[in-house]
Amino acid sequence: MSGLIILCLIVGITFNGLGAIALYRFPDVYTRLHGATKATTFGSIFTSLGVIIYGFSKWISTGEARFCVLAIHAILALIALLLTNPTGAHAIARAAHRSGVMPKRAVVDKLAEKEGKW
């Protein structure tokens, strides 16, 4: 069981690290948001999954309720993250577009077409 937990943590840390690299390497706010949001969401899913597996496995083996509470809190945090991370990224991208920050090398701008700017 601990091998599975370690695997989840390694995958989560790797993807969170890739999200940090995306923030540093990508050329504009939109690609940075895309890379950081996708990678950190996926990484956070795996780190939370590691905590959930740890909590439930310790709860089953020891019978202490605090480990079950740990797993439930991790599940609730994961649900909140899955709801707020894409919503926040969408709001930041829309605010950047409305403030005049255009994507680099963009061929199509559907939001500008929708708002009648083209």
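Cys8 is buried (under 20% relative accessible area, where exposed is over 50% and partly exposed lies in between, with a 1.4 Å probe and protein chains only), at a relative accessible area of 4%. The structure is a predicted model, in which local features need pLDDT of at least 70, side-chain atom pairs count only at pLDDT 80 or more, and totals for chains, interfaces and linings use all residues. Residues are numbered from 1 along each chain as its sequence is written, and side-chain values use heavy atoms, without hydrogens and water.

| Cysteine | Relative accessible area |
|---|---|
| Cys8 | 4% |
| Cys68 | 15% |

A disulfide is a pair of cysteine sulfur atoms within 2.5 Å. The closest cysteine sulfur to that of Cys8 belongs to Cys68 and is 18 Å away, too far for a bond. The count of disulfides is zero.

Cys8 is among the buried residues of helix 1, along with Ile5, Gly12, Gly19 and Ala22. Helices (H or I, at least four residues) are DSSP runs numbered from the N terminus. The buried residues of helix 1 pack against helix 2 (29-62), where contact means heavy atoms within 4.5 Å. Helix 1 (residues 2-25) has 24 residues and should span 34 Å, the expected span being 1.5 Å times one less than the number of residues. Its end C-alpha atoms are 34 Å apart, which agrees.

Ile75 is found in helix 3 (residues 65-98). Ile75 is partly exposed, with a relative accessible area of 31%.

Conventions: Helix = DSSP H or I, 4+ residues; strand = E, 2+ residues; numbered from the N terminus.
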